[in-house]
Amino acid sequence: MTQHIAATAGGASGRRAPDPSSGWWRDAVIYQVYPRSFADANGDGMGDLAGVRGRLPHLRDLGVDAVWLSPFYASPQADAGYDVADYRAVDPMFGTLDDARVLIGDAHALGLRVIVDLVPNHSSSDHPWFQQALRDGPGSAARTRYHFRPGKGPGGELPPNDWPSVFGGPAWTRTTDSDGTPGDWYLHLFAPEQPDFNWDHPEVAEEFRSILRFWLDAGVDGFRVDVAHGLVKAPGMPDIGEGGTVRLLADDLLPFFDQDGVHEIYRDWRVLLDSYAGERIAVAEAWTSTVARTANYVRPDELHQAFNFQYLSAPWRAGELREVIDLSLAAMRPVGAPTTWVLSNHDVTRHATRFANPPGAGIQTRQAGDRALGLRRARAATLLMLALPGSAYLYQGEELGLPDVTDLPDEVRQDPSFFRAAGQDGFRDGCRVPVPWTRDGGSYGFGAGGSWLPQPGSWAELSVEAQTGDPGSTLEMYRSALAVRKEHPGLGAGDRVEWLEAPDGVLVFRRPGFVCAVNTTDSPVRLAAYGSVLLASGPTAADRTVLPADTTVWWSAHPVESGQ
Ligand code: NOJ
C-alpha cells in the first residue's frame, strides 16, 4: 500500500468532502491484536503494548495493511478491558500513554495503520461518572448519564423489565442506597461491571466526540466500535417477553439492539472522522439480523466498514457460503461500501476449531473436534475469504492455524460469561490463549515469564519460529496469500464475483486476473484447469484438474481450458 498514512501528530484540518471511490480500507487486510495475549515484554505473563511494538515486524512480514488493537485502556478488567474506567489512559498492565504513542508511530513507520477499540455502549462501573451516579443517589443528574430505574413489584424487588444480559442472567442490577436500603436498578447489557450509557444524554455524546478526537490527535487511523448496534434503546424499554438469552443474529429486532437511532450517532461521528486528514475510519461491531441491516451502518455518511458476522457464522458448505457471499455483496452494493469479511475474533471459537466440528456446533463451541480436518478447512476458508472483493480481518494466531484450547481448567478462566451460568459459558477464553512465537521457552516466546492462560505443549510446533520457512506451513500460506493479494490489486477491488460452473459442494469464481476454486466436500473433484496454480491451501494432485477435498486453489486466470 502506498497511500499516505496519517502523521502521528495529526489534527483536525477542516471538513473535506469524502471521496466514495478512494479509501485504503476498501480492500485492506486488517489484523486484530488482542494485547493481553499477543506478546509480553515485561515478563508478568500478560501481554502489553511494548510487546506488540516488538512484534510489529511480524505483521509487516505477514503483509497486512493495518492492525486493530483490542482495548488497552485503564480498566478493572471485568471483561478483559471492554469495561473502561478511563478512555484516555492506558492501563498500567499494558504500559503507558507514551507506549501507545510510540507504538502508533512505529507501526506507521512500518507502513501499518492503527485502529483502536472504542467502547461506547457502556463504561466500567469504576468509571468516575458511574461512581458519582452511585454516590449522588436516586433522582440525581449524575444518574441520567446511565439507565437507572426503580424496580417493579411492591418493594421494587423485581428488575424494571425482562431484558437478559448477553452474558447470562438479568440485564439489571440493584443498587444500595446510602442508608443501606435496596435502591434503584441500573441496566447492563453485559456484566454488572459494565453499566450502559444513556445515549440520549448530550454529555455522553459530547464525551465520546472528545474521546474520538483524543485518539485521532494521537494519530490513530480508525476505530473499531464495540457493540455498535446497542447504544440506543427503544423508548419505554419494553419487555421482550422471552425471558431467555440473547441470541446473536436473531431474526427479530430486540428493543436494545439495532435500533434506528444508532445511525444518527454514526452520522455525527462520520463528520468528525472526515474532518481529519488521512482517511480515518470506523468499523462497526454490529450483530444484526440480516446483512441488509448491517449495510445500514455503512451508508456513505455513516461508518466505513461493518463486520460480516453472517459470513463468520456460515458453515463449511458450498451452498451456504455462496448464498451469504451473494447476499452480502448485494446488500453492500447500493450503499457503496465494501464487504468486511471475517472468520475469527476474540469472541468466537476460532475457525480452525469451528470447522473441526459438525456444522450444528455453531460459532461458540468448546468441542475440539477433528483438528486435522478443522485446520485443512480453515486454510481453505481463509483462501476463499482473501479472494473475495472487499476488506478482510484476521485474528492473531489464525495465521498459525491455532485451534481453540478447549480443555482449559475452570480455575484459569476469566471470561465473565463463565461466571454467569445462565448465558454463554466461558468458551471465549479458548480463543484468547497467548500466541506461541518460539519452539522453546516457558511461554513459547510470548514473554520471559508464564502466560495468563496455559498454552498446550503441542503449540511449540505451531510457533512462528517453527512455521517460518516451511513452505507447507499455515504461516507461509498466509504470507503468500497476502503477497499475491498485493501483486493483484484487483483481487480485493470491486463488488462482484463471477460464478463459474462447478460440481455440487464446489465453488468456482472469477476475479480480475484470477480464478478461485473451493472444494468443501470430503472427496477430490475434477474441474476444468483455469491456468497455473498460484496458491493452494493444501497439497494438490499432480493432475492439475483434480481439486482435493476441503481445499482451495487460486489459479492465475488464463482463458478457460477444457482441461478434461
Ligand atoms: C464485544 C466485544 O468484542 C466483547 O469482547 C465484549 O465482551 C462485549 N462487546 C462487551 O463489550
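Buried means under 20% relative accessible area, exposed over 50% and partly exposed in between, with a 1.4 Å probe and protein chains only. By that definition Tyr73 is buried, and so is Trp215. This is a predicted model, in which local features need pLDDT of at least 70, side-chain atom pairs count only at pLDDT 80 or more, and totals for chains, interfaces and linings use all residues. Residues are numbered from 1 along each chain as its sequence is written, and side-chain values use heavy atoms, with hydrogens and water left out. Helices (H or I, at least four residues) and strands (E, at least two) are DSSP runs, numbered from the N terminus.

**Aromatic pairs**

- Rings of Phe, Tyr and Trp (its six-membered ring) pair if their centres lie within 6.5 Å, and planes under 30 degrees apart count as stacked, over 60 as edge-to-face and the rest as tilted; by this rule the count comes to 32 aromatic pairs.
- Tyr73 and Trp215 form a tilted pair, with 5.5 Å centre to centre and 55° between the planes.
- Because Tyr73 lies in strand 3 (residues 73-74) and Trp215 in helix 5 (residues 202-217), this pair ties together parts that are 142 residues apart in sequence.
- The rings of Tyr266 and Trp269 have their centres 5.4 Å apart and their planes at 70°, so this pair is edge-to-face.
- Tyr266 and Trp269 both lie in helix 6 (residues 262-274), three residues apart, about one turn of the helix; Tyr266 is buried, with a relative accessible area of 0%, and Trp269 counts as buried at 2%.
- Ring pairs link Tyr87, Trp129, Phe130, Tyr146, Phe148, Tyr186, Phe197, Trp199, Phe208, Tyr266, Trp269 and Tyr297 into a cluster.

**Charges over rings**

- A charge sits over a ring if NZ of Lys or CZ of Arg is within 6 Å of the ring centre and within 35 degrees of the ring normal.
- Arg143 lies over the face of Phe148, at 4.4 Å from the ring centre, and Phe148 is one of the residues in the aromatic cluster.
- Arg36 lies over the face of Trp452, at 4.5 Å from the ring centre.

- The axes of helix 11 (residues 371-386) and helix 13 (residues 474-487) come within 11 Å and cross at roughly 10°, where axes are lines fitted to C-alpha atoms, for helices over the stretch in contact, and angles run from 0 to 180 degrees between N-to-C directions.
- That makes helix 11 roughly parallel to helix 13, a term for angles under 35 degrees.
- The contact (heavy atoms within 4.5 Å) is made by Leu375, Arg379, Thr382, Leu383, Met385 and Leu386 of helix 11 and by Thr474, Met477, Tyr478, Ala481, Leu482 and Arg485 of helix 13.
- Ala536, in strand 18 (residues 533-536), is buried with a relative accessible area of 18%, and Ala536 touches Leu383, Met477, Thr552 and Val553, not counting residues up to four places away in sequence.

**Buried loop residues**

- Gln77 lies in the loop between strand 3 and strand 4 (86-90); its phi is near 65°, a positive value in a residue other than glycine, and Gln77 is buried at 16% relative accessible area.
- Met237, in the loop between strand 9 (222-225) and helix 6, has a phi near 40°, a positive value in a residue other than glycine, and is buried at 9%.
- Gly137 lies in the loop between helix 4 (128-136) and strand 6 (148-149) and is buried, with a relative accessible area of 8%.

Note on methods
Parallel < 35°, antiparallel > 145°, perpendicular 65-115°, else oblique.
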